[in-house]
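Hi,

Here's the structure I said I'd pass along. Have a look, and below it I've put what I found.

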Amino acid sequence: MRYRQIHLDFHTSDLIPGIGSAFDAKAFGQAFRNAHVDSVTVFSKCHHGVSYHPTSVGQMHSGLSFDLLRAQIDALHAVGINAVIYLTATWDELAATTHPEWRIVSPDGTLPHVSRSPGDPGWAYLDYSTPYLDYLCAQVEEVMQRYPDGDGIFMDISFQLPTVSESAKRRMTAQGMDWTSPGDRDRFSAQVVQEYFERVSTAVRKYDAKMPLFFNSGHIRRGLRDHYHRFYTHLELESLPTAGWGYDHFPLSARYVEQMGLPYLGMTGKFHWLWGEVGGYKKPEALVYECGAMIAQGARCSIGDHLHPTARIDASTMAVIGPAYKWVEEREPWCVDTVNHAEIGLLSLEAVTQRGLVGRAERSVIPDEGAIRVLLEGQFTFDVLDLKSDFAVYRLIILPDAIPVNDALRDRINAYVAGGGRVLLTGKSGVGPEGFVFDLGAVWEGTSAMAGGDYLLPIRTLRADPVNDPLFMYLPSEKVRVTEGQSLGDVYDPYFDRTPQHFSGHVNAPSQPDPNGFAAGVEKGGFTYFAHPIFSCYHKAGAVAMLEIAEKAVARALGRPRMIATGLPRAGRATLRHSGPKGADVLHLLHATPALRGTLGGQPIQPVQDLVTLEDVKVDLESHGTVAEVRTVPELKVLPFIADGGRVQFTVPKVRGHQMVEITYAS
Amino acid sequence: MRFRQIHLDFHTSGRIPGIGTRFDAKAFGQAFKSAHVDSVTVFSKCHHGYSYHPTEVGEMHPGLDFDLLRGQIDALHAVGINAPVYTTATWDELAAFNHPEWRTVSPEGGSPRFLTTPNGAGWAFLDYSTPYVDYLCAQVDEIIRRYPDADGVFMDICFQLPSVSTYAQSKMEKLGLDWTDAGHRHSFMEQMVEEFFERVRGAVRKHDPKMPLYFNSGHIRRGTRRHYLQHYTHLEVESLPTAGWGYDHFPLSARYVDKLPLPFLGMTGKFHYHWGEVGGYKKPEALIYECGAMLAHGARCSIGDHLHPTAKIDDSTMAVIAPAYKWVEEREAWAVDTVNRADIAFLSAEAASRPSLVGIPGQSDNRFDGPDHGGVRVLLEGQFAFDVIDLESDLEGYRLVILPDVIVVDDELKAKIDAYVAKGGRVMLTGKSGLRDGIFLFDLGADWAGTSDMAGGDYLLPEPALRAEGVNDPLFMYFPSEQVKVTSGRSLGDVFDPYFDRRPQHFSGHVNAPSKLEPNGFAAGVAKGGFTYLAHPIFSCYHRAGAVAMLEIAEKTIRAALGGDRLVTTTLPRAGRVTVRHQPGENRDVVHLLHATPALRGNLRGSNIQPIQDLITLSDIGVDIAVTGPVKAVTLIPEGTALPHTTEDGRIRFAVPQVRGHQMVEVLYS
């Protein structure tokens with residue numbers, strides 16, 4: 001799998017003339033080559049539904065008069081760059097216009113389309129239960145026949161909304177299903193989505209058993225390993241930080257997919273905001289940081305771009321991409337064939353409650369995202385787990401806020417704890433209908449009636465600095481009576497919950513003077529339990545005091561010094577990766593401060609405006625052998641270090657956005 | 001006016017018992033004294049409408065059985081702390097409950113509550129055209145009689161929504177006004193608001209001609225200076241960065257208010273989020289940064305807090321406030337009696353609109369966010385030295401006047417600007433500023449040919465000197481430009497049209513149609529003589545989209561319009577801010593360097609929350625500043641460390657070893 005890819009979007013209305021009229025094969029290839037790019041994804045068919053090559057299935061763009069795709073593939077191959085071919089599934093305006101009967105009909109009878117704001121035009125959704133799927137597979141086959149030298153197939157927008165199209169109703173009725181039943185509709189959707197993956201895969205594999213193949217739906221759904229192993233040769237983690245994914249979605253996804261054993265890349269964009277923002281540019285420094293975040297998580301890199309209708313290369317875009325990919329290229333030797341070091345396994349709520357491939361993938365699952373934010377900001381080392389993950393390799397397993405625990409999971413966790421493992425549960429995790437499913441040394445007495453939130457005052461060692469009074473949490477706690485466990489502090493009720501019948505002040509009623517008698521949490525044996533859904537609280541309110549309490553709770557549950565401690569500020573991130581071939585560890589230090597600037601499509605935009613230099617960042621980390629040398633890479637500056645008791649300490653002179661440090665061991 | 005104030009909110013439901021049961025006069029006074037506080041605003045009446053003292057007008061809180069206000073005033077005075085008294089106007093739940101006929105009735109017929117539905121949990125709005133104002137003035141009268149030793153009156157929530165209550169209807173009819181007519185309603189309400197200010201001020205002044213008096217409405221309306229000079233003794237700029245005001249509202253307000261002849265303070269909060277968030281705490285570091293920003297803009301400080309119903313002091317809050325106010329105290333000597341040094345006068349769009357006093361100002365009126373917030377954001381991030389002005393401001397002494405995006409220029413303003421330019425002044429206009437009746441009012445060397453019909457935006461490619469770094473292709477701007485044909489001026493670049501505007505009938509791709517290959521023939525802007533004009537409303541563009549490339553273009557255009565060196569330049573990163581204040585009494589300039597990086601964390605009630613999580617240390621920050629005379633010494637304040645500096649052509653240069661949140665540097669003249 002190539003390391004420095006470009007995803008070259010080309011969604012171009014058929015009303016635009018002169019497609020490819022400024023295409024210059026040599027300049028095209030050379031521009032990417034000069035920008036240190038080694039793979040470019042180019043277009044067979046875009047969301048407008050038109051093809052960029054002669055076709056006997058669909059329609060070539062009416063403004064195009066030659067085989068642009070062939071020309072692009074050849075131009076790229078001529079300079080040693082891979083050319084992966086893009087097609088789109090669910091969004092195809094031409095098919096939706098010429099075959100309105102192929103569109104999704106929502107259960108409420110409307111024809112949905114993507115819209116970022118009221119009145120904004122956008123893509124119609126097609127229905128895999130209609131003959132559209134035949135049409136699409138014929139297009140895939142045509143691509144395989146015409147471009148056997150393509151370096152992969154990227155099938156975009158691979159999801160299906162609930163539908164009651166005539167075709168869906170007819171097929172459901174024929175199968176004895178009730179199309180007015182949401183359950184039956186879900187089952188039917190799951191079935192046709194499966195058909196979609198089967199048939200598109202078959203259309204590719206019929207011609208080429210090894211052609212790289214990826215289906216994109218904007219998010220890798222956690223908990224569906226079998227699906228990905230069956231249909232995908234690799235994974236592309238679409239996650240543009242300024243375009244709604246934020247800066248935490250990528251690390252959350254990457255920490256999950258690494259264990260799946262498929263090669264993967266991170267995909268950001270050169271845009272200031274979103275895909276399709278032609279004439280939008282982020283700063284090169286921002287792209288360096290984002291690529292740094294990818295390599296820190298073991299991912300290869302892909303940068304989203306958009307080609308001008310004339311196929312002229314945008315020199316300003318190349319000036320943004322070039323510095324970032326030159327930077328990546330210099331660092332690759334320390335990034336290939338590395339494995340993440342993790343002390344903590346975060347069991348993903350999305351994975352545990354995964355409902356399959358029905359509907360659009362939910363990008364943000366709050367307990368997962370809140371927890372990952374705490375782990376990143378606390379600079380813990382971690383992986384994100386599903387129910388197939390091996391717990392035994394972790395020192396601590398976290399079940400965030402809402403993890404339902406069935407008998408099988410209970411038995412696995414009890415066995416893990418019996419073997420010396422430690423577990424942190426928060427909120428409703430591990431709470432069954434009859435109370436706690438684990439022996440936490442406490443009994444559960446229901447959820448607090450203070451729906452708008454109550455107050456937490458943990459024991460001293462878990463408090464935020466300098467908060468020694470009850471902290472309002474914005475979500476209610478579970479009511480916990482400690483029996484033989486050790487209490488982790490007190491919960492205070494507000495005078496009353498905020499409702500129209502009774503409210504006090506602007507936000508919340510003050511805390512009553514005395515605690516409500518329930519525990520803030522409990523500790524027993526390998527188990528630590530917190531009565532608040534603290535990760536969701538932090539995700540919702542964002543208070544630093546909540547972060548500090550959560551961080552201290554994680555550190556306490558871990559029960560030993562954390563793997564990495566650094567002098568980085570809150571915006572810093574750290575990962576430690578083991579390089580097998582080099583017999584070394586590589587530490588990645590990251591730092592950037594996205595600023596909230598602008599609101600587009602109702603979304604807050606957070607560009608990285610520049611990078612600042614941090615000086616003399618101290619590091620204290622667990623060593624994995626006898627340390628021979630510590631040096632910055634790729635600069636190769638040797639750093640003095642102190643190795644002692646299985647740990648190594650050194651100071652990194654400067655961190656600007658991203659810095660790698662290699663720790664080599666005596667063999 | 002005191003420097004280190006606390007605004008001690010106490011909005012406490014009548015259903016809460018035991019009010020003041022843990023009040024300990026000595027501990028109360030001592031806690032504030034230990035936290036370096038010198039003034040605490042305490043409560044006569046809260047938004048729930050209850051009084052915290054015996055009263056013949058209203059009702060004492062049912063859970064209170066002593067004169068808490070007297071207890072607080074005496075406890076504070078005993079340790080030398082001032083005690084202004086708080087009361088509330090438009091929000092008074094008790095009055096709204098007892099006298100529903102005093103509530104505002106919106107023109108649609110509903111009885112509104114703040115940020116909620118008419119029956120939700122939130123404050124009802126009272127109507128100044130009803131007998132409520134009699135009730136309120138009787139309360140004010142009672143306060144001044146009972147507490148003549150109070151150190152001021154803080155009258156909160158001084159705004160009036162449009163109302164068609166039966167009182168309003170009958171008063172309007174008597175005045176010959178039609179209450180179904182929006183214009184008539186507006187002028188009637190202006191009259192009622194004016195009466196409100198007159199009557200409350202009269203109730204205070206009847207007893208005390210000198211009692212400090214402030215009316216709060218959450219925002220100082222730029223362009224109504226006469227109102228403030230008539231009714232207020234000082235100004236309190238309410239602006240809690242995490243609670244919807246953001247980090248730019250305070251500097252925008254302060255740069256305006258600083259030039260009015262009234263003392264003023266900046267008001268933030270100790271809360272993580274918002275007023276009333278009892279059990280919410282920001283980091284002490286965040287408060288230091290916020291207080292640093294106040295000093296940098298010539299403001300005194302006030303921190304919002306909320307007292308527990310029992311009146312017990314919250315030690316954690318004191319632990320957040322104390323480090324910040326100790327920090328302020330050490331710096332005050334360099335912050336009093338200072339004057340901002342400015343290159344640029346930024347004419348506020350709000351001020352130029354001559355705002356009325358009807359409605360909720362500030363946060364709920366977003367018409368000026370694009371030009372004013374966008375403009376000030378560029379000026380702050382570009383580290384320009386500037387003031388924000390209104391139509392009555394004197395332009396003398398400024399090198400550049402900016403008219404952002406939407407300024408309607410009347411004959412008076414035109415004459416003022418022409419005179420300013422004739423004396424060598426320079427002017428920058430953007431977007432629709434300076435346009436009237438289809439022509440440019442100033443000699444810009446260009447003709448106006450209409451507004452682009454690319455309503456979703458078009459593309460800007462300025463001349464090379466004004467381009468964003470690395471961006472030599474057309475930049476999508478998210479707003480349409482004005483169409484400008486250059487005649488005798490110098491073009492500032494090209495505008496490119498998209499293939500078509502994004503509409504349901506025709507769209508291309510996810511966001512915007514690409515730019516055509518050739519420019520559309522209109523100019524990106526024009527320069528002639530002292531005038532620089534940009535055809536895009538660039539400040540609104542930047543406010544909306546936030547692209548760094550837009551910021552860089554706006555910044556470079558301002559520099560070009562300014563001509564010559566800026567008053568101050570630094571090597572601070574984008575998140576850095578700089579001001580230079582002259583302290584005539586000490587014959588010195590004080591340079592303020594600020595740096596913090598608020599992070600987007602959390603979303604409450606639909607608002608993005610941006611706490612400052614920590615402060616980072618920046619090393620070796622270079623400063624280059626125009627001086628007004630021979631320099632004797634450059635010193636870090638309050639540390640006292642002398643800094644080496646070089647002098648050249650009326651400028652000095654020095655390096656500040658470390659900046660962590662805020663750093664002052666004294667430039668002492670011989």
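Two strands count as paired here if DSSP finds at least two bridges between them. Bear in mind that this is a predicted model.

On one side, it pairs with strand β13 (residues 422-426) of chain A through 4 bridges, and the two run parallel. One pair you can pick out there is A:V423, whose bridge partner in β23(A) is A:F527.

β23(A) also pairs with strand β22 (residues 521-524) of chain A, again by 4 bridges, but this time antiparallel. Here A:G521 has A:F530 as its bridge partner. β22(A) and β23(A) form a hairpin with 2 residues between the strands, and A:G525 has a positive phi near 55° in it.

Now for the two chains: 76 residues of chain A are in contact with 76 residues of chain B. On the side of chain A that touches chain B, the elements that each supply at least two residues are α10 (315-331), β18 (471-472), α14 (534-541), α15 (544-558), β27 (599-600) and β29 (613-622). The largest share, 4 residues, comes from α10(A). By residue type, that side of chain A divides into 41 nonpolar, 25 polar and 10 charged residues.

Cheers

How values were computed. Residues numbered from 1 in each chain as written. Chains lettered and ligands numbered in written order. Predicted model: local features only at pLDDT ≥ 70, side-chain atom pairs only at ≥ 80, totals over all residues. Contact = placed C-beta atoms within 7 Å. Nonpolar A, V, L, I, M, F, W, Y, C, P; charged D, E, K, R; others polar.
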